[in-house]
Amino acid sequence: MPDRDRAILKAFGLPRGPLLAPAPQDAEEPLLTPNIAGEPEGLLANADDRLYLLGVYGSDFDAALTIRPGVVAGSGRVLGIRGRPLTVADIHPQLQPYHPDLYHPAVCYFNASLTAFVEIAWRWFTAVTIIRAHPEPSPNDGVEQAERYHAELDRCRSTFLAGMTKIDPTLTDNEPNSMWVETFLDD
């Protein structure tokens with residue numbers, strides 16, 4: 001991986017939570033290989049790419065579906081690797097009719113560089129800490145209070161995403177494969 005990226009990771013590390021559990025690999029050779037299950041994966045990675053493991057993103061309930069962020073050897077891009085795509089067959093049968101076309105690729109995009117990934121991970125960790133310090137109003141507080149809270153939360157998310165695009169211009173709300181954008185807008 002690029003020297004600057006390695007230095008940034010060594011200097012700052014990665015935050016633990018809310019979705020990221022850092023566990024950088026000790027091995028010198030890259031451990032992750034992408035599963036190119038279809039066209040979406042092929043747009044992001046090649047079958048011969050190798051990635052240095054950074055940890056786990058999201059819950060680790062199923063090893064085949066858990067996202068493992070990694071740095072692509074040679075390029076320094078950060079991708080998420082699953083053992084296989086997440087499909088409608090992986091969700092509860094009662095939910096399947098509502099999501100018949102569900103497909104989350106086995107490869108997803110995070111950042112153009114490890115340096116951007118580290119900075120955004122720390123900023124997201126800080127933002128979530130602040131958001132959690134101001135919990136959603138209770139139903140007893142009234143609809144107007146809840147609407148103001150959600151409007152402010154949406155404004156904060158948009159502001160946060162705009163700031164992140166300055167760190168990594170590849171992060172836009174038009175990029176459907178960006179895990180960070182999905183995290184910012186949906187979580």
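I count a contact when heavy atoms lie within 4.5 Å. The model I am reading is a predicted one.

**Entry 1: H3 against H4**

I started with the contact between these two helices. From H3, I listed Ala116, Glu119, Ile120, Arg123, Trp124, Ala127 and Ile131. From H4, they meet Tyr149, Leu153, Phe160, Met164 and Ile167. Next I looked up the geometry. Two packed helices are described by the angle between their axes and the distance between the axes. H3 and H4 pack at about 165°, and their axes are 11 Å apart. The cut-off for roughly antiparallel is over 145 degrees. H3 and H4 are therefore roughly antiparallel to each other. I also noted the handedness: H3 passes H4 in a right-handed crossing.

**Entry 2: Cys156**

Where does Cys156 sit? I found Cys156 in helix H4, which covers residues 143-167. Is Cys156 buried, partly exposed or exposed? Its relative accessible area is 32%, so I logged Cys156 as partly exposed. I also checked Cys156 against Phe184, which is 28 residues away along the chain. Their C-alpha atoms are separated by 9.7 Å.

**Entry 3: H1 against H3**

I then turned to helix H1, residues 3-12. H1 packs with H3 at an angle of about 25°, and the axes are 8 Å apart. That makes H1 roughly parallel to H3. On the H1 side, I noted Arg4, Asp5, Ile8, Leu9 and Phe12 in the contact. On the H3 side are Leu114, Thr115, Val118 and Trp122.

**Entry 4: the sheet**

In what order do the four strands of the open sheet run? I read E2-E4-E5-E8, with antiparallel pairing. E2 (51-53) and E8 (107-111) stand at the edges. Each has a single partner strand, so one side of each is left without a neighbour in the sheet. On average, neighbouring strands are turned by 40° against each other, direction ignored.

I followed the pairing strand by strand. E2 and E4 pair in the antiparallel sense over three bridges. Tyr52 stands opposite Val71 in E4. In E5, Val71 has Val78 as its bridge partner. E4 (residues 68-72) and E5 (residues 78-81) are joined in the antiparallel sense by four bridges. Arg68 has Ile81 as its bridge partner in E5.

I looked at the hairpin of E4 and E5 too. Five residues lie between the strands, and Gly74 takes a positive phi near 95°. How enclosed is E4? Four of its five residues are buried, so E4 is largely enclosed by the rest of the structure.

Last item here: which strands does H3 lie across? H3, residues 114-132, lies across E4, E5 and E8, and runs at about 80° to E8.

**Entry 5: aromatic rings**

How many aromatic pairs does the structure hold? I found four. One of them is Phe110 with Phe117. A pair of aromatic rings is described by the distance of the centres and the angle of the planes. For Phe110 and Phe117, I noted 5.3 Å centre to centre and 85° between the planes, an edge-to-face pair.

I checked accessibility for both. Buried means under 20% relative accessible area. Phe110 has 0% relative accessibility, so Phe110 counts as buried. Phe117 also counts as buried, at 0%.

Conventions
Residues are numbered from 1 along each chain as its sequence is written. This is a predicted model: local features need pLDDT of at least 70, side-chain atom pairs count only at pLDDT 80 or more; totals for chains, interfaces and linings use all residues. Side-chain values use heavy atoms; hydrogens and water are left out. Buried means under 20% relative accessible area, exposed over 50%, partly exposed in between (1.4 Å probe, protein chains only). Rings of Phe, Tyr and Trp (its six-membered ring) pair if their centres lie within 6.5 Å; planes under 30 degrees apart count as stacked, over 60 as edge-to-face and the rest as tilted. Two strands pair if DSSP finds at least two bridges between them. Axes are lines fitted to C-alpha atoms, for helices over the stretch in contact, and angles run from 0 to 180 degrees between N-to-C directions. Angles under 35 degrees count as roughly parallel, over 145 as roughly antiparallel, 65 to 115 as roughly perpendicular and the rest as oblique. A crossing is left-handed if the near helix is turned anticlockwise from the far one by less than a right angle, and right-handed if clockwise.
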